[in-house]
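Here are my notes on this protein, written as numbered points. Keep the 3D view open and follow along as you read.

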Amino acid sequence: MTKEAVVDEIIRPNQLGRVRYRGSLWNAKCIQELTVNTGEVVYVLGNHGITLIVDTIPNNDNIAPDISDKKLPLPTPLLFAGKFLLLLFILL
């Protein structure tokens with residue numbers, strides 16, 4: 001998912017800055033502990049909520065931290081039916 005963005009507001013170490021990405025302004029945080037100045041190009045690795053995670057090195061996906069919002073799989077109908085039957089058995 002590496003895409004270019006341009007820093008609009010300086011990004012300081014462990015702080016949020018702002019980047020222009022795909023025509024919109026986004027909050028951004030750099031995975032490296034360095035200052036990224038206005039006008040510099042950064043590369044979007046992913047997002048954490050509405051904050052983009054960026055790096056100054058392109059194609060750095062293999063060292064990016066796990067930033068995805070993992071969702072649990074939906075329960076299968078059989079599992080749901082089993083829980084329903086168990087609850088029904090307990091109530092009777």
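1. Let's start with a term: a salt bridge is a side-chain nitrogen of Lys or Arg within 4 Å of a carboxyl oxygen of Asp or Glu. With that in hand, look at Asp 8, Glu 9 and Arg 18, which are linked in a network of salt bridges. Searching the whole structure turns up two salt bridges.

2. A quick word on what you're looking at. This is a predicted model, where local features need pLDDT of at least 70 and side-chain atom pairs count only at pLDDT 80 or more, while totals for chains, interfaces and linings use all residues. Residues are numbered from 1 along each chain as its sequence is written, and side-chain values use heavy atoms, with hydrogens and water left out.

3. Now the overall layout. The protein has one helix and five strands, and along the sequence they follow the pattern β-β-β-β-β-α. Helices (H or I, at least four residues) and strands (E, at least two) are DSSP runs, numbered from the N terminus.

4. How far apart are the closest N and O atoms of Asp 8 and Arg 18? They are 3.2 Å apart, and the two residues form a salt bridge. This pair links distant parts of the chain, with Asp 8 in strand E1 (residues 3–9) and Arg 18 in strand E2 (residues 17–21), ten residues apart. Arg 18 also meets the side chain of Glu 9 in a salt bridge, at 3.5 Å from N to O.

5. Asp 8 is partly exposed at 30%, Arg 18 is partly exposed at 30%, and Glu 9 is partly exposed at 35%.

6. Which residues make up the largest nonpolar core? There are twelve: Ala 5, Val 7, Ile 11, Val 19, Tyr 21, Ala 28, Cys 30, Val 36, Val 42, Val 44, Leu 52 and Val 54. A nonpolar core here is a set of buried Ala, Val, Leu, Ile, Met, Phe, Trp, Tyr and Cys residues joined through side-chain atoms within 4.5 Å. The elements giving two or more residues to this core are E1, E2, strand E3 (24–30), strand E4 (41–48) and strand E5 (51–55).

7. Zoom in on strand E5, starting with Leu 52. Contact means heavy atoms within 4.5 Å. Leaving aside neighbours within four places in sequence, Leu 52 is in contact with several residues, including Val 19, Tyr 21, Trp 26 and Val 44. Thr 51 also sits in strand E5 and is buried, with a relative accessible area of 14%. Not counting residues up to four places away in sequence, Thr 51 touches Leu 16, Asn 27, Ala 28, Lys 29 and Gly 46.

8. What does the side chain of Asp 55 join through a polar contact? The partner is the side chain of Gln 32, at 2.4 Å. (A polar contact is a pair of N or O atoms within 3.5 Å; within protein, one must be able to donate a hydrogen and the other to accept it, and residues adjacent in sequence count only if both atoms are side-chain atoms.)

9. Over in strand E4 you'll find Tyr 43, which counts as buried at 16% relative accessibility. The C-alpha atoms of Tyr 43 and Ile 53 are separated by 8.4 Å, and these residues are ten apart along the chain.

10. Last, check the loops. Most residues other than glycine have a negative phi. Asn 14, although not a glycine, has a positive phi of about 60°; its place is the loop between E1 and E2, and at 54% relative accessibility Asn 14 counts as exposed. Arg 22 has a positive phi of about 55° without being a glycine. Arg 22 lies in the loop between E2 and E3 and is exposed, at 67%.

Technical notes
Buried < 20%, exposed > 50% of the residue type's maximum accessible area, 1.4 Å probe, protein only.
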